[in-house]
Amino acid sequence: MLESMWAGIQYLGSVDVWLLMMLAIVVGNVIGAIPGIGGNFGLAVLIPFVFGMEPFLGLAFLLAMHSVVHTGGAIPGILFSVPGTGPTAATIIDGYQMTRQGRGGQAIGAALASSAFGGVLGAAALAVLIPGMRLIAMGLGSGEIFMLIVWGLTFIVVVSRESIPRGFAMVLLGLGLGTIGLDPFTGVGRFTFGQVWLYDGIHIVTIVLGIFAIAEMIDLGARGRGVAIAEVGEVMRFSQLWEGTIETFREWWLMLRTSLIGVFIGIIPGLGGDVASWVCYGHAVQTCKNNQNFGKGDIRGVIAPEGANNAKEGGALLPTVVFGIPGSSGMAIMLGAFLILGITPGPKMITDHLDLVWGMVYVLVIANIIGAAMIYPLGGVMGKLAYLRNSLLIPAVLAVVIVGAFLIRRMWTDVALALLFGLMGYGMKKGDFPRGPLILGFILGPLAEGYLHKALGTMGIAFLTRPVVMVFTALTILSLLYSVWQHYQDKKKARGEVK
Amino acid sequence: MKIRAEGIVAFILLVVFAASLYYSSTWGVASRLMPLIAGVGGTGFTLWVVIAEIIRARSGEKTPEKKEAETEEAKRKAILKAEIKKRKGKATLWGEEMMILWIAGFVLMFIVFGFWIATAAFIPAFLLVFGHEKWKVAAIYTPVALIAIYVAFVMGVKMSLYSGLLNLVRF
């Protein structure tokens, strides 16, 4: 373990790693500050750049970008009431009120300090939990992992509180897409329609570029040329930022609590940043003394969701690297990137590449601290990104998307497929079909199928009687029952029968 | 009776799932297992959404989102969401069709003429026609974007980009 920790530090001895991390932090903050795109989009667009990179370089680049997206995302939310990323929406309630009272700088200072603290705590939690999880992961066989994936997929839909049928439909669509290509066990071509280029299946990057990047570009373009969405700009003074930072550390107990909640939510597959920030905002309102100012510009309403947003990334990495089961759609895309870089997450990663995992922990810590520190002098400039016109953003993004889709296998058919997935993704966005579960289903489907074949091959159907498998089966059934109960409660709530 | 996008998407997915079930019916059990799980489950869930949408449309019932917004707990969220939506603007059907045509045109040009010609044509055309940007913006933006991509991918990652079916420009 100590050797791995040391080997992880050694990765950071390279100048290339630092340069790429710095670039990724700037890009992550910028992507966060541009309203309407967000972290998944950022990952989708940046994946093409990691082709051919050394594994750790690629990992550091993507992880640094992804971990600071929400830090930058708070700025347009606080200044203009337009969240840069979905999860920063909860920050707006009090953050924007503070701006209207002339305390926008203070709110941003609080958001930065809280984000950095949350991110570092998330990384620390990952470091603390790895040894224990390593033992668990090494004790799991094929049958157990198969059932764990099944439970994970069920749980993702159930706890995400999206519409249950739509969520499951998306997971199953992902599973179906994952079967395209030659069956690795029988050699039968599945859904290839006689096309040789489909024999290797569809690449995760093609799907991600389509359903996130192209779909978002269609949406942005459909809104028109794009106009300045802000009415007033706030000139931030450093003294205000500093006041906000100091105030945040005075509320250290709240920051610690909400960051820990964020870590916990991150570990649970499927809950994601939106849930983390709203849950923590609610927690702050319920537990803080003198809570009458929440919603009217209380700095604690900024501290709580911002810490949770960044803390959850460390938590979400845990199931991703230990079990190969992503904790969020962002992590599912990251998992796809791992595969491009030649790294297979899961129990083997913990045993064979523990140094990489430790390297990721360090990247999380560094990126969160530098990502927040960078905004202190640049916050005012970054706030202006909210004025960026769609017409300037779209062509550059589309060019990178096309390059990315092509470079996967150097076939134009992948570009055409990405366009098709873009149309699908836009339809899903319009129809409120969650896109995250599709990615999770696509990534986990082939894994589940592989483990199922192995389990059946070694033990036959009797693998279902193994104690751990039975526990996961019971959890799956309980999750489904809970979803039915929840659905029923929601209906009653809507009818006004339940308070 | 007005069917929302949700219902239309669900119906398309229903057809896809049903077709996948039919298509995979001739394969052996081992190959068919996962497509069968996806197909049967997917057909069931999308059918559920389609039926729910038809019932909602026929009865003129409010959407679940609207219902939710009526509860005290969600009012604040709903107000915030409405404010954000207002500021971001609204996607129009015409805008969607135009945008899809622009992207499809870009992809088609990419396939025929390759990356460099397609991008050199698409970026200024998009900026001037769709974005109503000044020609000076297009004149600066286009070469900067092309050079950035060249530096990042051709020089950085050392990969040549697609030269198209016509194979006119190769680098």
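Is B:Trp27 buried, partly exposed or exposed? B:Trp27 is partly exposed, because 17 other C-beta atoms lie within 10 Å; the class falls between buried (20 or more other C-beta atoms within 10 Å of the residue's own) and exposed (12 or fewer), with C-beta atoms placed from the backbone.

This is a predicted model, in which local features need pLDDT of at least 70 and side-chain atom pairs count only at pLDDT 80 or more, while totals for chains, interfaces and linings use all residues. Residues are numbered from 1 along each chain as its sequence is written, and chains are lettered from A and ligands numbered from 1 in the order in which they are written.

B:Trp27 sits in the loop between helix 1 and helix 2 of chain B; helices here are DSSP runs of H or I with at least four residues, numbered from the N terminus. Leaving aside neighbours within four places in sequence, B:Trp27 is in contact with A:Val188 and B:Arg32, where contact means C-beta atoms, placed from the backbone, within 7 Å. The C-alpha atoms of B:Trp27 and B:Gly7, 20 residues apart along the chain, are separated by 31 Å.

Between the chains, 66 residues of chain B are in contact with 63 residues of chain A. Helix 2 of chain B supplies the largest share of the side of chain B that touches chain A, with 13 residues. The make-up of that side is tabulated below; Ala, Val, Leu, Ile, Met, Phe, Trp, Tyr, Cys and Pro count as nonpolar, Asp, Glu, Lys and Arg as charged, and the others, Gly among them, as polar.

| Class, side of chain B that touches chain A | Count |
|---|---|
| Nonpolar | 41 residues |
| Polar | 15 residues |

Terms used:
Contact = placed C-beta atoms within 7 Å. Helix = DSSP H or I, 4+ residues; strand = E, 2+ residues; numbered from the N terminus.
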